[in-house]
Amino acid sequence: MKAIPVEQLTDDAFHPFGDVIEAGDESSASIINNGTCLKFVELARPDCGRGSGHAAIHIYRAKPRSLPFIVETMERHRQGSQAFVPLSGNPFLVVVAPAGDLDSDSIRVFAAKGSQGVQFSAGTWHHFCLALGETSDFLVIDRVAREEDCEEVLLLNDQKVCIEASELAGSLPT
């Protein structure tokens with residue numbers, strides 16, 4: 001098992017895995033609803049187009065994880081994207097690896113602000129919701145179909161990675 005660094009979640013760093021969902025600078029927004037609302041458009045495009053199925057919105061309630069945390073499981077959805085958007089305003093961790101054959105040496109960890117969400121591209125390996133601090137609700141947008149599309153892999157001991165509290169301290173956005 002190896003310790004893994006934690007990176008701040010940014011568009012550029014996360015781009016190989018999907019999209020960061022976050023309201024940006026107000027100059028990039030449109031003014032709508034008689035001037036009472038800013039609209040940040042197309043922050044992500046849900047991908048539900050493979051096979052049968054449709055887009056669905058869920059709420060997941062995640063229990064907080066304590067550090068150090070050992071990543072023992074990864075999952076992916078080959079037929080569509082999956083988005084996690086925090087509703088509780090709490091920071092969380094995002095663990096990802098590129099699509100294709102799972103390579104534990106390519107696992108990356110991002111610290112997300114409570115105002116940032118992510119959308120994993122179809123086939124991207126990821127860990128499920130990793131809330132920090134307290135129980136947190138996440139709006140989840142993904143593809144629902146008759147056939148199951150969640151592939152889980154248990155990591156072998158030498159593939160597991162450890163997220164240390166010391167790695168998170170300097171990476172957690174404020």
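User: Why is lysine 2 called partly exposed?

Analyst: Lysine 2 has a relative accessible area of 28%. Buried means under 20%, exposed over 50%, and partly exposed in between (1.4 Å probe, protein chains only), so lysine 2 counts as partly exposed. The model is predicted: local features need pLDDT of at least 70, side-chain atom pairs count only at pLDDT 80 or more, and totals for chains, interfaces and linings use all residues. Residues are numbered from 1 along each chain as its sequence is written, and side-chain values use heavy atoms, with hydrogens and water left out.

User: What makes lysine 2 and aspartate 105 a salt bridge?

Analyst: Their closest N and O atoms are 2.6 Å apart. A salt bridge requires a side-chain nitrogen of Lys or Arg within 4 Å of a carboxyl oxygen of Asp or Glu, so the pair qualifies. Lysine 2 lies in strand E1 (residues 2-3) and aspartate 105 in the loop between strand E10 (92-97) and strand E11 (108-112), 103 residues apart. Strands (E, at least two residues) are DSSP runs, numbered from the N terminus.

User: Why is aspartate 105 called exposed?

Analyst: Aspartate 105 has 61% relative accessibility, so it counts as exposed.

User: How do you know that glutamate 151 pairs with arginine 76?

Analyst: The closest N and O atoms of the two residues are 2.9 Å apart, and they form a salt bridge. Glutamate 151 lies in strand E16 (residues 151-154) and arginine 76 in strand E8 (residues 73-76), so the pair ties together parts 75 residues apart in sequence. At 8% relative accessibility arginine 76 counts as buried, whereas glutamate 151, at 30%, counts as partly exposed.

Key. Helix = DSSP H or I, 4+ residues; strand = E, 2+ residues; numbered from the N terminus.
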